[in-house]
Amino acid sequence: MVEERAREKAGSEFEPLIVAYCCNWCSYAGADLAGTSRFEYPTNIRIVRIMCTGRMDPTLVLETLRIGADGVLIAGCHPGDCHYQKGNFMMEKRFDYLKKAVKNVGIEPERVRLEWISASEGGKWAALVREMTEEIKQLGPSPFRHMQIPKKTDAMIDAFKSQRLRWVVGRSQIRVEIDEGKYRQTVDAIMRDEIERHMMTGALKEKGPLTAEELAQLTGLQPSKIVQHLIALRKDGKVSEAGEKNNQYLYQLV
Amino acid sequence: MEHEPRVGVFVCSCGTNIGGVVNVQEVAEYAKTIPHVKHADYNLYTCSEAGLTAIKESVKKHNLNRVVVASCTPRTHEPLFRAACKEAGLNPYLFEMANIREHDSWVHPHESQKATQKAKDIVRMAVAKAALLEPQTEPEVEVKGSSLVVGAGVAGMTAALSMANQGFQVNLIEKEKEPGGMAQKLYKLYPTLVDASEVIEPLTEGVKSHKNIELATSTILKEVSGYVGNFSIVLTGPEGDRELKVGTIIVAPGSSNYTPPKGLYEYGLNDHVITQREFDEKLRKGEIGEPERIVMIQCVGARKGEIRPSELEAFPKSDTAELLRKILKARKDEGWPYCSRICCMNTIKNAILIKERSPKTDVVVLFGDLRVYKEYEDFYRKARDLEVRFIRHIEEARPEIVQTSEGKLQVMAYDALYGMEVNFPAEWVVLSTPLIPSKDEIMLARMLKIPIATDGFLMEAHLKLRPVDTNVDGIFIAGTVSGPKDVSESIISGEAAAARASILMGNGKVKTEAITAVVDEEQCIGCGLCEEICPYGAPKIEEGKSKIREILCRGCGSCAAECPKRAITMRHYRDDQILAQVKALMIPESSKEVAQ
């Protein structure tokens with residue numbers, strides 16, 4: 001392991017690296033029990049202990065992928081068993097959005113998993129690790145760091161750090177007065193918007209002032225979408241006009 | 001960070017438990033090459049006296065300010081090693097554990113080489129986190145020597161008297177006009193057949209006359225705020241609202257008795273179909289006489305399958321009270337999923353009472369399963385000796401009751417032992433119904449933030465290890481609020497809850513969680529989302545900023561994960577501390593061939 005990961009060595013079989021975030025009270029204990037019971041499973045998993053899955057900010061999951069994990073497993077207590085009453089429910093809710101976002105930027109959603117493992121489910125833990133290792137072996141190395149469209153994954157992480165998306169996801173944890181299905185649709189739309197806008201701001205950051213047309217080319221988004229986002233970004237005070245180029249306005253980051 | 005991290009790594013062989021698979025010497029040698037590591041060694045048992053001494057001596061000798069032990073699970077040994085760090089003069093939170101036994105050697109016994117590699121990874125992750133650790137303190141709070149007991153039934157009164165006798169001030173409240181709870185409605189108690197009043201009266205006399213107990217009847221809990229050691233209470237009684245402050249709370253509001261829906265076994269349609277509780281009452285009043293036959297049916301509304309998952313899914317998952325309200329509604333007609341555990345003995349007791357008074361009465365008990373434990377087996381034999389007839393039916397063929405045109409009751413059942421239908425008239429049909437959660441109790445749980453289990457009863461902090469504690473520090477549960485109990489078990493739980501509360505009040509102080517949330521006030525915009533999602537009510541918006549009341553915070557981190565401004569972080573589990581472990585995993589910092 002002192003050398004670069006074995007998977008990058010030519011010729012050898014791909015050995016995925018999976019990072020598992022286990023809650024202290026149920027899943028970490030479940031993984032302990034797998035050990036106590038001597039259930040064998042592949043060596044590809046590395047466990048990070050957290051107190052509760054409620055702690056798992058989606059950005060932590062995405063950063064883990066950006067750092068280079070081939071898969072991320074989040075394991076918590078079964079519904080109703082959370083040591084902190086409802087941390088797992090909160091994780092479940094934000095996980096829906098997280099998974100959609102991962103899919104949206106073109107990463108196989110199977111690379112992120114949320115599972116319930118109780119302190120008594122050592123066998124389930126071992127089986128899960130076996131299954132997930134096999135699945136990710138089939139998928140191959142994570143494309144996360146090598147996405148073609150510039151900074152699409154970075155844009156997703158920035159979107160999950162943005163106040164707007166965090167606010168609507170956070171609000172969904174509280175009883176929403178409007179229809180839950182409609183609310184989800186709204187969050188999904190905002191999530192897509194934020195990813196796209198961060199792709200645009202990412203491009204502006206990297207390349208300097210750009211026209212709407214150039215932004216469309218760089219991000220692969222429809223020009224009409226670009227214009228919509230530019231209006232919003234201008235109102236938010238995030239971009240401003242910066243002269244003209246070929247009879248088109250140039251835009252820059254504020 | 002004021003001082004440069006100086007990490008000591010101690011790799012444990014755990015006899016052959018780790019050393020038999022993982023090359024611990026190699027791991028220790030490798031650890032020396034990890035940045036910040038100033039000392040690394042391995043030994044046979046790090047948790048032994050010799051191992052702990054080695055840690056303490058190395059801390060001094062190498063001037064270490066962080067300790068990593070690579071051994072077993074922190075869930076069992078972390079307190080031990082933290083204590084060793086403390087003895088060596090280090091803050092116990094400057095310690096990190098690398099689990100290379102449960103998560104490595106024990107699960108990869110046949111892959112020695114890979115397991116050794118994995119152990120190195122795990123150690124490197126632990127060192128990366130250790131380097132970023134900060135000292136933490138467990139805040140100490142004062143505990144007032146007073147308690148509020150909610151519910152003056154057997155459990156509540158027992159708890160109140162126990163604490164009062166130890167010199168603590170007790171406020172005992174009861175929503176009914178008189179203390180006594182469900183037990184005062186009972187007649188005789190199994191297995192001694194003493195009058196329930198013989199148990200209740202000394203208790204009610206005791207709580208009424210004790211100088212340390214203030215009993216308030218027709219009074220309910222209206223509001224609770226504060227935290228362990230210092231709860232602020234608002235009570236509502238006949239004289240209006242009253243405020244008081246207490247150190248601990250014991251919740252003992254009891255439960256309800258399941259009432260069958262009208263028409264089930266002709267209940268509510270024929271006066272001679274009654275529940276076991278109503279039968280108790282009639283026995284006491286002598287209204288049963290010497291009938292020819294009494295039929296008792298067990299498990300009416302109990303042990304009826306699981307709560308369906310669809311039922312759980314239909315509700316906003318974070319809202320337990322809503323869920324329970326729905327379950328309660330559904331259960332009204334369908335019955336409850338669990339065994340109420342006291343009904344079998346209660347039935348046998350009433351059967352014996354009748355047989356002793358009227359030996360000629362034919363007493364028939366129809367049951368699916370009969371559960372008599374401990375000495376109650378003798379009690380059951382006594383009933384058989386008195387010629388009580390126990391007839392087992394199969395679950396798929398429950399008995400049927402029909403009313404003849406003259407209003408007489410006819411019982412039809414399938415005797416599983418004889419494999420044939422039995423059919424006989426009965427003067428009385430008595431239904432054994434379970435103890436069930438009450439709405440009041442669920443609302444109370446919600447106010448106190450005590451979780452409710454899926455069966456509707458209040459949840460203990462741990463079913464086996466902490467049966468009278470709740471997830472809320474300083475609040476304990478006693479009696480049938482956490483599940484069906486008979487009188488003696490209620491007394492036991494009352495005594496137990498009082499003992500647990502007295503430990504806190506006797507010490508006069510308690511240490512609370514160190515791993516709590518921290519707000520970056522510059523980032524905070526005071527949106528109040530944290531306030532709304534926290535299950536413990538720890539954050540509060542004051543002057544436009546979120547303030548975390550550390551005493552209330554339990555450290556789950558949900559607020560940190562949801563804060564729109566990412567202004568909240570968790571002590572000991574900061575984002576950078578978490579991600580440092582992942583980074584350490586990907587790029588071996590010590591490697592000379594570091595890629596990228």
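This is a predicted model: local features need pLDDT of at least 70, side-chain atom pairs count only at pLDDT 80 or more; totals for chains, interfaces and linings use all residues.
The torsion about the S-S bond joining A:C26 and A:C77 is about 100°, so this disulfide is right-handed.

**The disulfide and its cysteines**

The sulfur atoms of A:C26 and A:C77 lie 2.3 Å apart. The bond connects distant parts of the chain, with 51 residues separating its two ends. A:C26 belongs to the loop between β1 and α1 of chain A, while A:C77 belongs to the loop between β3 (71–76) and α3 of chain A. A search of the whole structure, over all chains, turns up one disulfide.

What about B:C530 and B:C563? The closest cysteine sulfur to B:C530 is that of B:C527, at 6.2 Å, which is too far for a bond. For B:C563 the closest cysteine sulfur is again in B:C527, at 6.1 Å, and that too is too far for a bond.

| Cysteine | Relative accessibility | Class |
|---|---|---|
| A:C26 | 8% | buried |
| A:C77 | 3% | buried |
| B:C530 | 9% | buried |
| B:C563 | 11% | buried |

**Where chain A meets chain B**

Let us turn to the interface. Chain A brings 68 residues to the contact and chain B brings 66 residues. Between them, about 6,100 Å² of area is buried, and carbon and sulfur atoms give 56% of that.

Polar links are part of the picture as well. There are 19 residue pairs in polar contact between the two chains, counting pairs with both residues at pLDDT 80 or more. On the side of chain A that touches chain B, the elements supplying at least two residues each are β1 (18–23), α1 (27–36), β2 (45–50), α2 (58–67), α3 (87–104) and α6 (163–171). Helix α1(A) gives the most, with seven residues. By type, this side of chain A divides into 31 nonpolar, 16 polar and 21 charged residues.

Six salt bridges are counted between chain A and chain B. One of these charged pairs is A:R49 with B:E78, whose closest N and O atoms are 2.9 Å apart.

**A closer look at A:T36**

Which residues of chain B does A:T36 touch? They are B:E102 and B:W106. A:T36 is found in helix α1 of chain A, and its relative accessibility of 43% makes it partly exposed.

Key. Residues are numbered from 1 along each chain as its sequence is written. Chains are lettered from A and ligands numbered from 1 in the order in which they are written. Side-chain values use heavy atoms; hydrogens and water are left out. Contact means heavy atoms within 4.5 Å. Buried area is the accessible area (1.4 Å probe) that two parts lose on being put together, summed over both. A salt bridge is a side-chain nitrogen of Lys or Arg within 4 Å of a carboxyl oxygen of Asp or Glu. A polar contact is a pair of N or O atoms within 3.5 Å; within protein, one must be able to donate a hydrogen and the other to accept it, and residues adjacent in sequence count only if both atoms are side-chain atoms. Helices (H or I, at least four residues) and strands (E, at least two) are DSSP runs, numbered from the N terminus. Ala, Val, Leu, Ile, Met, Phe, Trp, Tyr, Cys and Pro count as nonpolar, Asp, Glu, Lys and Arg as charged, and the others, Gly among them, as polar. Buried means under 20% relative accessible area, exposed over 50%, partly exposed in between (1.4 Å probe, protein chains only). A disulfide is a pair of cysteine sulfur atoms within 2.5 Å. Lists of a residue's contacts leave out its neighbours within four places in sequence.
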